[in-house]
Each structure stands twice: as C-alpha cells, then as structure tokens.
Amino acid sequence: MRHTTGAKSLNIKLIDEPGQNVVFLKDMKTIEFFYDEEFNSLVQYYTVHNKIQVNAHEAIEIYNKHYIATARVLGIEDLRVRVITPNGVKEIDEVDLKDYEGEDKYSSYKYFAIDGVEIGSQIEFIYTLKMVPQLEGSRELFQSDELKLNNDFHIYCEDKIHFNLKSYNGFAQVVLDTATEGKNHYSASMDRIEPLRPEPYGPYQNSLMRVEYKVSYIEPANDVKLYTYDQLANQLNTYFLEEISKKSIAKLKKLSQELKLSSRSEEEKIRTIEDYIKRNISISEAATQDPENIELILEKKVTNQRGVMKLFAWLFSTNQVDFLLGLTSDRSRVKMDSEFESYNWLENYLFYFPGIDKYMAPTEMLFRLGFIPYNWSNNYGLFIKSVKIGNTSAGIGEIRFIEPLPYDANEDKINVNVKIDGDFDALKLFINREMSGYNISFIQPVFDLVPEKERKMVINELLNISDKDVVLDEFNMENSSLETFYQKPLILHGVVTTSNSFFDKAGNRYLLKIGELIGNQVEMYQEEDRKLPVENEYNRNYERTISFNIPEGYEVRNLDDLNMDLVYKDKDGQLSMGFQSNYTMAGNEVKVTINEFYKSLEYPLEQFEDFRRVINAAADFNKKVLIFQKG
Amino acid sequence: MIVRPLIDFLNRNTVLQKIIHIKPILLPVLLGCWFNTFAQTRDGEIGQVNDHRENVIISIDEAGALKIESRISEEVQYFNDNAKLFGEEAVSYSASFAEITDMQASTSVPTDKSNKYKKIAVTDFIKSDNRSDGVFYDDQKKISFIFPALQAGAITSFSYTKKYFEPRLWGHFLFSSLFHVKNCVYTVTAPTTIRLKYKVFGDDKSQIEFRQEQKDKNTVYTWEAHDIDKITLPKGADGIWHDEPHLIIYVESFTFNGAEHSVLRNINDLYTWYHSFTKGLEDENKDGLADLVASIVEGKSTEIEKVEAIYYWVQQNIKYIAIEDGLGGFKPRTANTVFTRRYGDCKDMSNLLYNMLGMANIQSHLTWIGTTRIPYSYEEVPTPMSSNHMICTYKNDGNYYFLDATDQYNKLGIPTTHIQGREALIDMGNNDYEIVPVPVVSPELNQVIDSATIGVVNKRISGSGKTSFRGYNRLAITNNLENLNSVAKQNFLTALLRKGNNKFSLSTANTEYLANKNHDLVINYDFTIDDYLIQNQDEILLNPHVSKDLANSYIDTSMVKTSIYYPFKNISANVLTIQIPAGYRVSYVPENNSYAGDDFSYKLDYRHVGDKLIVEQKITLNTLKITPDQFDEWNTMVKGLFSAYRESVVMQKKH
C-alpha cells in the first residue's frame with residue numbers, strides 16, 4: 001500500500017520553458033565503486049536522481065511510471081519518490097514496487113507508478129542500486145529529445161582505481177579530483193542540454209551527448225591494463241576453439257562430407273556452411289540445455305549465439321577456411337570509436353575472410369556472405385586471428401575499418417514500356433525491375449514464406465501498382481529464392497493493363513502521369529532547422545527507363561519538362577550524388593532515362609541542402625505529367 | 001478493463017500466439033503480408049494443424065465445489081524449412097484463475113527410413129511473467145519453450161493440463177487457427193447433475209458437428225470439425241470473435257446433496273456475481289474528494305451541467321493505468337484511492353465518477369459492458385465473456401448518458417466509440433439491473449467539412465481553408481494538437497490538411513475550440529501547392545479533387561474473405577471553390593457524379609457561379625461493418641469515385 005502525507009507548504013517555482021512538454025530539471029548519475037565483503041568482489045552503487053516537470057497529458061502518461069532494468073542489480077538500497085505540485089509536496093512514503101520476471105534476467109525489471117501527478121507537476125525520484133559493475137566498458141547517455149537542465153555525472157572510487165573516460169558530442173569533459181584522501185572522483189556536469197530530435201538520414205543516437213568509461217588499471221599493478229582487446233582476443237580464441245568431444249568432431253566431419261565441402265572453393269565452402277547453418281539452426285538465447293555442445297546443436301538444431309559461433313568456427317577450421325572472428329557495434333545506435341578501448345562497442349559477431357576479402361554476419365538470418373547488416377559497416381571492428389603456437393593457439397586482435405559496399409552493389413533498375421491502346425481506352429505497361437544488394441534483403445528471404453496466391457501484395461508493391469486500379473495480366477520472377485540470395489539480382493517482369501490509373505483526363509486531352517511509374521519517392525520538402533549531418537544506410541544506385549509511343553494524331557508539347565540535371569561532386573571532384581533525367585525521341589517513340597545515385601554514405605551538415613535537393617528531385621519527378629492532345 | 005476471459009481465449013490458441021512471438025527482425029518485412037501468408041491455398045503452405053483437441057472434465061468435489069480440468073493438445077506438421085521460424089512456443093494464463101501442469105512437448109523429425117520419425121523431447125520449460133499490452137500490472141504468466149529441429153516434414157506436438165479455479169471463467173474454444181486445421185475436437189465430460197449451456201458462433205458453423213452421449217453417470221458432449229480454413233486477418237484481430245467459428249460453453253447450475261446451486265443460469269446470476277465485487281467500496285475519509293466535488297459543481301445550476309463538469313474533470317485528471325491482480329481485475333479501487341493516485345483503469349474511473357456524482361447528490365449507476373470486439377448479447381451469453389469494460393451510467397428524463405472516462409476527449413452525451421451498439425448491464429441498486437442498448441452515433445454527428453478557396457498565381461496554387469471536425473473525428477486530432485511538440489504539430493497539421501500533392505505547404509494554421517468538447521473543432525489555414533496545376537500553353541488544367549478520400553479502398557475479394565469493421569459512422573465533405581483567374585474562362589467541366597447506397601454513398605457536384613467554380617464532394621459511411629456480400633457493391637462505388645477523381649477542369653485564356 002502507498003500512503004501520501006499531507007501536502008507541505010512550500011513556495012514552488014515552476015520552470016517556464018515555452019513549447020516544452022517535458023523539462024528535466026535534474027539528471028544525475030553517480031557510480032560509486034567499492035569492495036564488497038559479501039560478494040568478495042568490486043561492486044557499485046548506482047544512483048539516479050531525476051526531477052521531471054510534465055506540462056502535457058501525454059507527458060504525464062509517459063513519466064508517471066518508472067522502470068528499472070534488473071539484469072545486474074543485486075539489490076535496491078534506497079528509493080524515494082515525491083511529486084511537487086503548485087499546491088505543495090507529496091512524499092510517497094512507501095513505493096509500491098512491482099516485479100516483472102522475464103524469460104531471462106535481461107528481460108526482467110522492477111517498476112512503479114507515481115501517484116498524484118497533474119499538469120505542471122514535478123516528478124522527483126532518487127534511488128540507489130547495488131550492482132555488478134560493468135568495468136569492461138560502460139556508457140551514460142545524457143542528451144535526449146527533451147530539454148535537460150542540471151546534468152551531472154560522477155564516479156567515486158578508491159584512489160588506486162583508475163578509469164579511462166571520454167565525452168562525446170559536446171558533453172563536458174570529465175575531470176578527476178583527488179582532493180579527498182584515498183578517493184578518486186571523476187565528474188562532468190552541464191547546466192543545460194538542448195533537446196535533439198531524430199532527423200531523416202541523420203545518425204541520431206550516435207549524436208547524443210554521452211560519456212563512455214572503462215577501468216584502466218588498479219594500483220599497484222599500473223602496467224597491467226585491464227580489459228584490453230588483447231586479453232579478449234585470447235579469451236575468445238580459447239572459448240570458440242577449445243577442444244570439443246571426439247563425437248562432435250566426427251559429426252562435423254560427417255556434415256562436411258554431406259555438404260561436399262572438400263571439393264569446393266574457399267568461397268563456396270563458406271557459402272555452403274553459412275547456408276546450411278542459417279537454414280537449419282535456430283538461434284535462441286532461451287536455449288538452456290548445454291547450448292554450446294556441438295553434437296547437441298547438430299541434433300536439436302537450436303542453440304544460442306555463442307553456440308552458433310562455435311559451430312561456424314569449427315566448421316571453418318575443420319575445412320581449412322581461413323577466418324578472423326570479429327565484433328562490432330551497430331552504428332545506428334553507436335559507432336565504435338577506434339581510439340577508445342572498451343568492450344561496450346562489441347555487441348555483434350561477424351567473420352572476416354582474408355582469402356576472399358569478405359565479411360559475414362553469422363547470427364543474422366537475413367544476410368549472407370558479403371552483405372552484413374549495413375549498420376555494421378562504415379564502422380570499426382575488433383578482429384581476432386587465431387595463431388598456432390606449438391600445440392596451443394593464441395588470439396591476436398586488430399582494429400579494422402569495415403568499408404561500406406560501393407553504390408553499384410545496391411542497384412534498383414526499373415524499365416517500363418507504356419503501350420497506349422486505341423484512343424486512350426487503356427494503357428498496357430510492360431514492367432521490368434531488377435534489384436540487387438541491400439535492396440532485396442527484405443524481400444528475397446521472405447518471399448519463400450509467402451504462399452503462391454498471396455504474393456500479390458508484395459508483387460504489387462514491387463511493381464509500383466499497389467494503390468492503383470489495374471489488372472496484372474502476366475507476372476514472373478527470377479532469383480526469388482534463398483539459393484540466389486544476394487548473389488543474383490531479383491528480377492521481376494509484369495504486364496499490367498489499366499483503364500483507370502496512370503492517366504487522367506481534361507476534356508479531350510489525356511494526361512499521362514509518367515512520374516508515378518517510378519513509384520513513390522521520399523520527399524524532404526518541409527524545411528526545418530537541420531542539426532545532424534547525413535549518414536545513409538547504404539550507397540545506392542537507381543536507374544529507370546520509360547518508353548512510349550505517341551499515338552497517331554496526338555502530340556505532346558511538354559516533353560522538355562522531363563529534363564532534369566542535378567549532380568554534386570565530392571572534394572576530390574568525383575560525382576558523389578545526383579539525379580538526372582532526359583529523353584530522346586525517334587519517330588513516334590520517346591525514351592526517358594532517369595538516374596539517381598548516392599556514392600557516399602556521409603555528407604557533412606554543410607552539404608545537407610544539396611542532399612535534400614537530390615532527394616527532392618526524385619520526388620519532383622513523381623509529379624511529371626505529359627499532356628497528349630490532338631495535333 | 002476486465003479483459004481476462006478474452007486473454008485466456010487468445011492464449012489458448014497456440015498458433016495465434018506465434019504471431020506475437022515472431023522474431024522482431026522479421027517484423028518490418030512481415031508487417032505488410034504476414035497475415036496473408038496463411039491463406040486458404042495449400043501450395044507454399046508452411047504447415048497445418050494435424051490435430052487440436054481439448055478434453056474437459058468437470059466434477060463436483062466432496063465439499064460441493066465445481067472442479068474443471070482440461071487437457072489440451074496440439075499436433076502441427078510443417079511442410080517446409082521455414083518451420084524454423086515457429087520454434088518458439090508459449091502458453092499463457094492468469095495465475096490467479098488457472099494453473100498449468102504436466103506440460104510435454106516434442107518434435108518428431110523424419111529420418112532416412114520412410115515413415116520413421118525420431119522424437120526429440122523438449123526438456124526446458126521457462127516460466128515467466130507475461131504482462132498484457134496496455135496493462136501496467138497483472139498476474140499473467142507464461143510457460144515458454146523451443147521446439148527443436150524444426151524442418152520440412154517435422155511434426156511438433158505438445159500438451160498440458162489446465163485447472164480452472166473460477167468456473168465462471170471457463171468455456172470457449174476456437175476451431176480455426178492461423179494454419180489450416182485438419183482435425184479439431186472439443187469434449188466435455190460432466191456428471192448429469194451439472195447443467196451446461198453452449199452455443200457455436202461465427203460466420204460459418206456448418207463444419208462443426210455436435211453429439212452428446214451418455215456414459216454411466218456422465219454426459220459426454222463432443223464438438224468435432226475437419227478441414228477448417230485458416231484465419232485470414234487483413235484487418236486486425238478484432239474480427240476473430242465476430243467471424244471465426246468458436247464455441248462458448250458455461251455451467252448454468254449443478255445439483256449437490258439434493259440442492260440446486262446456480263452458477264450462470266441467466267443475466268441475474270451474472271449480475272449477482274459482478275455485484276459482489278462492487279459492494280461495500282466505501283472510503284473511510286473522503287473529505288478532500290468532497291471538497292473537490294463542491295468546487296467543481298459550484299455555480300452550475302442544472303444537474304446536466306454538474307454531470308458534465310464532474311465527467312470532464314475525471315477525464316482530464318485521471319490517467320489510465322490498468323492493474324489487474326486476481327479478482328482485482330473485477331473489483332474497482334475505492335474512489336479516494338483513485339482520486340489521490342490520479343490514475344486508474346476503467347472500473348476505477350467508473351467508481352470514482354459514481355462516488356463524485358453521489359457527493360453532488362446525483363444518482364448514477366455502475367455499468368458492465370463489452371466493447372465492440374465482443375459479438376455476444378447478455379441474453380445469448382450471460383457470462384463474463386460478454387463484458388470486458390466498465391463505465392458509469394447517468395439517467396436523466398429517460399435519456400441515458402454513458403460516461404466512459406477512459407477516453408479523455410469524448411464529450412458528454414456521446415458514448416465512446418468502442419461501446420457503440422453494445423448492451424450496457426446497468427446496476428440499478430437494490431439488487432436490480434437493466435439491460436440498455438448503447439446507440440450507434442449517426443454519421444452526421446461525426447462529420448468533417450473542409451471548405452477551401454484557391455486561386456492561381458503564376459504556376460502556384462494558393463488558398464485558404466477551414467475544416468471543422470465533429471464527434472469522433474475530433475478526438476484523435478485534439479489529442480495530437482494538445483500533446484505534440486511544435487515541429488511534430490506542424491507536420492501533423494500538414495498531413496491532416498494536405499491537398500493536391502506532397503508539395504502542399506501550410507503557411508498558417510489556427511485552431512479554435514480545441515478545449516471545448518461541445519463544439520466542432522475548427523482549423524483555419526492558408527496554404528500553397530506547387531507542381532500541381534498544369535499550364536499548357538494558353539490553358540490551365542486543374543484536377544479539382546485535391547482530397548481523394550477512399551481512392552485506395554478497393555477491396556481485393558481474392559484476399560479479403562471476412563467483414564471489414566469501422567470504428568464509427570462518418571461523413572466527409574470537401575468543398576473547393578476555385579477562383580477563375582482573370583482573363584480566363586472555364587472551357588471544360590466534368591459531369592456531376594454520384595453513387596447512392598444504404599450503407600455508403602458519394603456525391604460529386606460541379607457548380608459554375610460567376611467567376612468561381614465550386615466543386616463539392618461528400619462521402620457518407622452509414623455502417624460499422626461491410627460484409628463480404630457487400631464487397632462488390634463497395635467496389636462499384638470506389639471504382640466510380642476513382643474514375644471521377646481522374647477528371648480535370650480546363651480553364652482557357654480568353655482571346
């Protein structure tokens with residue numbers, strides 16, 4: 001049960017920040033490290049102090065509940081909550097803490113609702129958790145999409161413990177204060193942090209103000225750096241390549257024979273192994289019974305991420321495939337800083353094959369050799385090579401930059417031939433589309449799932465006819481199955497008849513909506529005060545051709561409307577992005593060629609307007625209409 | 001909300017569960033086409049339910065209490081390797097009302113020898129909490145496990161026993177599934193001293209065979225079905241209870257030691273049970289609340305005004321947070337608790353309203369109701385299956401006011417959208433109740449009228465307009481306008497008022513009556529549209545259908561097989577006045593066009609008045625549901641509209 005004491009008389013000052021539904025009046029995170037007798041190890045007190053003013057109904061609904069993830073929590077030492085309203089302060093004497101027990105500790109949390117919140121209230125809570133520390137690398141995020149005042153970050157520890165810390169995106173530098181006898185106190189604070197909101201094509205999460213920190217060394221062992229990449233390289237090497245049972249080795253050999261690996265080239269071996277594992281083995285962190293036992297994995301076909309890594313590593317080494325085991329971050333959340341050593345970047349597994357210079361994402365079902373999730377590229381990674389030393393082996397780590405794939409790896413080509421029937425009684429469209437690379441990562445693997453007759457929706461979408469009144473007369477598709485996943489482009493052919501779409505009427509004139517034939521294009525027409533640079537998901541190239549015959553007796557006088565030319569060069573004078581459209585006419589036949597490309601993932605803020613113009617050029621083309629009138 | 005019976009219903013159907021447990025990474029891909037991957041055709045099918053059965057045994061123990069125990073089993077066969085996606089399985093239940101035991105699961109994997117399978121048993125079952133969507137805290141638990149070695153040809157089977165602690169919450173079975181169902185059997189074995197009542201619901205009940213046999217002192221009731229088509233859900237899960245074949249069964253009464261004990265014989269029994277949760281909810285001290293009520297009604301002369309003021313206060317100040325802990329799922333918290341906390345769920349808000357009105361000396365009534373996702377009347381199904389919601393009813397001069405504070409922006413006198421057309425079970429006091437139908441709000445009361453005047457300057461359209469939003473149409477808009485930050489609000493308004501193409505740009509927008517629920521919400525605005533009109537030598541071509549409502553609503557009858565549901569009846573009217581540019585005359589105007597049906601209609605009129613051309617477009621939806629037999633008629637209307645939208649006006653330069 002909760003109780004609220006009577007309101008205390010207090011002169012409450014509400015903060016007036018016009019246009020802000022929420023203002024954080026305080027955000028303090030304090031981490032204090034100490035040696036705990038009971039756990040016989042270093043543990044931390046983690047204290048959060050927040051004061052949040054809510055100025056709108058929706059804001060109340062968001063902030064009148066609070067959730068505490070309990071993955072590393074050993075106990076809640078202190079929890080105090082109060083609500084400050086214009087009428088007084090309501091202390092909540094006993095917080096009704098609810099427990100959510102998830103399938104594993106990472107999905108478990110404790111939470112509570114906050115009583116008595118009204119518009120204009122300030123919600124204030126402070127709590128201290130006793131936790132297993134994350135000494136190998138940790139992060140505190142301070143900026144959000146709300147205005148935040150009085151931001152403080154503190155670490156307290158014994159003076160023999162030394163941390164590496166780094167502030168990002170303009171957050172105050174962390175300073176060390178050794179004035180207190182026997183204590184190190186690291187701190188950073190900022191009185192005011194402006195809200196940062198997500199922007200299209202902007203690396204939002206990675207641009208937020210934050211601190212990364214990691215323990216460096218503990219005196220007196222000043223030379224023994226802790227949690228280094230070298231140590232990790234050795235540990236992972238041992239973990240994934242440590243001896244496995246004879247039975248497991250026999251099973252691996254049998255599988256290798258079944259997959260006919262010995263007769264294949266290195267790249268074929270890798271593809272065959274990858275395809276076998278991704279098609280047959282499920283990955284679930286809820287797999288609990290000896291999940292990393294290779295013999296059991298091959299029988300039950302269920303394992304966790306580590307188990308699947310181990311299976312890959314052993315299949316590769318059994319079949320003499322040279323590989324580096326890698327780890328990296330997802331740059332849509334946070335980009336790995338090659339200058340700052342921390343295990344916190346290392347959240348996704350990958351492999352690099354030096355023999356063929358390609359990467360692979362072993363745990364990602366929608367990706368295949370050469371195509372790792374694009375947000376893992378244009379990023380650094382830690383890569384570990386296993387080196388034989390006598391009878392044992394050691395892991396050697398190195399930082400590599402994972403280059404993004406070039407623009408022509410991700411192509412989308414559309415070719416539409418328009419046949420005008422009779423006196424505009426109907427249009428017949430002969431549509432061909434060819435897509436490659438990341439453009440098909442969300443189509444090819446799923447297409448197998450969709451029963452024959454139900455593919456209509458996907459097909460309509462791909463032929464750009466989903467909202468149109470059309471009849472699909474013919475359709476076929478090549479390379480739609482997983483066998484050709486990423487290796488061959490997905491090819492679609494469709495023949496469509498319509499007497500109601502893609503052309504309008506105005507008296508005796510017909511208006512061919514040629515721009516709609518390339519499908520809806522993204523627009524960025526609304527001008528807003530841009531804060532973030534551009535970082536695309538992947539480089540890409542679009543080529544479209546549209547051809548048609550002008551029927552006997554008609555003329556089209558506005559063909560020149562189709563000419564567009566907008567290209568930009570990078571600092572080396574190379575074309576970096578553009579949208580170009582032009583036409584040729586031979587007799588009655590008109591052929592329109594359109595090309596749009598982005599050869600660079602990143603464009604600085606100064607180039608944002610250029611980027612916007614190219615994006616909008618494609619959207620402008622959507623509006624192109626040709627007027628057919630009797631000559 | 002008292003949603004428990006429906007949650008259990010969903011939880012029982014294991015394949016339905018899977019749509020919730022699909023790996024997040026696949027979601028963006030599958031969102032569009034997921035439901036349709038389970039269509040009636042057999043080619044490319046992922047799997048089928050070979051056998052789904054539930055055997056219920058009811059008995060009366062020595063103390064005279066009903067015991068209901070059910071053994072549930074399901075066997076699914078997979079046809080291709082995508083089976084792997086269906087490995088994660090979970091059974092959920094309410095820990096306060098049921099217990100799950102003896103769970104067994106395994107996969108049978110085909111071997112090299114024909115017709116020989118190797119069975120791999122599941123060894124790990126993980127029990128965890130399972131908070132329902134939109135609920136802050138409840139007692140839902142789930143037991144999860146992974147089927148190993150799923151592949152083409154694999155057969156999974158699993159079974160468990162479920163014991164019901166509360167007999168009133170037992171009794172439903174869905175025959176269909178998201179896979180084709182080969183065999184499906186539901187049996188109930190009960191002594192003849194127990195009287196059961198049952199009914200099969202759904203669009204097509206013809207495949208379900210029923211038989212009743214006598215075995216010693218027991219009666220065995222059996223429902224059996226074969227080759228049930230899978231569920232296609234292009235329009236969300238709400239339709240399941242209306243369309244899909246399912247059984248509702250419950251205990252009316254039983255005889256023990258010669259005496260008859262009633263359970264759910266009729267609405268009165270249901271009312272009596274519900275009433276047991278709302279009795280005696282008195283607060284010890286509610287002075288603070290009484291003071292508040294006094295200040296709210298101060299200066300209000302009529303009772304209606306007082307009701308309105310109190311209703312609006314609760315809507316405005318009490319936030320929706322649902323806590324469903326055991327019988328707490330049925331029992332409201334006291335008025336003072338909810339007032340102090342400033343949050344509660346539907347029953348908490350209803351009880352607060354009831355108490356606050358009482359303090360103002362106004363009689364009101366706690367009311368149980370089922371939302372529109374429930375298809376049964378109380379007469380048909382006098383069980384908790386018929387309700388999932390609570391409101392407060394106020395009666396004035398024979399008129400009923402259904403007060404539902406869970407929607408912050410709803411106005412007095414109009415029911416919330418999700419209870420329209422449903423039955424209210426109203427507690428009249430003195431152990432008496434009334435069943436009153438909640439009206440469906442007429443389309444006129446939800447109309448949106450947009451009037452805009454446009455002119456042409458160079459090749460740009462510029463104009464000003466006014467849109468008024470009435471009834472349900474103003475709810476979501478009010479919510480957005482009150483809560484969005486300035487950038488998001490501008491984007492929202494641009495999308496809301498957009499005309500012509502996406503180069504529509506809003507220069508100003510002013511809102512009136514945002515806080516006045518009793519008035520239409522009005523937005524006055526100025527705008528420009530680029531690249532929309534076509535200048536062709538000495539003529540201007542202009543498509544006057546700048547808002548193409550319903551243009552994309554063609555129903556593909558090869559894919560959609562069940563009714564389509566709408567949250568409310570609606571009128572959408574657009575009046576566009578085109579100022580003909582000086583020096584131009586109108587040389588072509590399309591013909592007027594209309595379609596008139598009982599449930600849906602449109603009207604498109606062109607009028608030439610002086611130097612103005614007025615284009616009026618009005619679309620009426622006068623139903624909450626379009627049934628499959630109406631699809632052709634609907635498509636005829638949409639095609640007509642689509643065709644009319646293609647016609648442009650021509651303005652010619654005068655010579």
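Two strands count as paired if DSSP finds at least two bridges between them, and helices (H or I, at least four residues) and strands (E, at least two) are DSSP runs, numbered from the N terminus. Keep that handy for the tour. What you have open is a predicted model, where local features need pLDDT of at least 70, side-chain atom pairs count only at pLDDT 80 or more, and totals for chains, interfaces and linings use all residues. Residues are numbered from 1 along each chain as its sequence is written, while chains are lettered from A and ligands numbered from 1 in the order in which they are written.

**Stop 1: a hairpin in chain B**

Select residues 98–110 of chain B for strand E4, then residues 117–121 for strand E5. E4(B) and E5(B) pair in the antiparallel sense over five bridges. Find B:Val109 and look across: B:Lys118 in E5(B) stands opposite. Together the two strands make a hairpin with six residues between them. In the turn, click on B:Asn115, which has a positive phi of about 65°.

**Stop 2: two helices in chain B**

Now select residues 287–297 (helix H6) and 303–317 (helix H7) of chain B. Two packed helices are described by the angle between their axes and the distance between the axes. Here the angle is about 125° and the axes are 9 Å apart. Axes are lines fitted to C-alpha atoms, for helices over the stretch in contact, and angles run from 0 to 180 degrees between N-to-C directions. H6(B) and H7(B) are therefore oblique to each other; angles under 35 degrees count as roughly parallel, over 145 as roughly antiparallel, 65 to 115 as roughly perpendicular and the rest as oblique.

Show the side chains next. B:Val293, B:Ile296 and B:Val297 in H6(B) meet B:Lys306, B:Ala309, B:Ile310 and B:Trp313 in H7(B). Being in contact takes C-beta atoms, placed from the backbone, within 7 Å. By class, this contact has six nonpolar, no polar and one charged residues. Ala, Val, Leu, Ile, Met, Phe, Trp, Tyr, Cys and Pro count as nonpolar, Asp, Glu, Lys and Arg as charged, and the others, Gly among them, as polar.

**Stop 3: where the chains touch**

Show both chains. The contact takes 68 residues from chain B and 64 from chain A. On the chain B side, helix H11 (residues 486–497) gives the largest share, four residues. That side divides into 24 nonpolar, 27 polar and 17 charged residues.

**Stop 4: a sheet in chain A**

Four bridges join E9(A) to E14 (residues 210–218). Pick A:Leu141, and you'll find A:Arg210 in E14(A) opposite.

**Last stop: zoom out**

Chain A has nine helices and 35 strands, and buried residues make up 36% of its 631 residues. Chain B has 12 helices and 38 strands, with 41% of its 655 residues buried.

Definitions and conventions: Buried ≥ 20, exposed ≤ 12 C-beta atoms within 10 Å, placed from the backbone. Contact = placed C-beta atoms within 7 Å.
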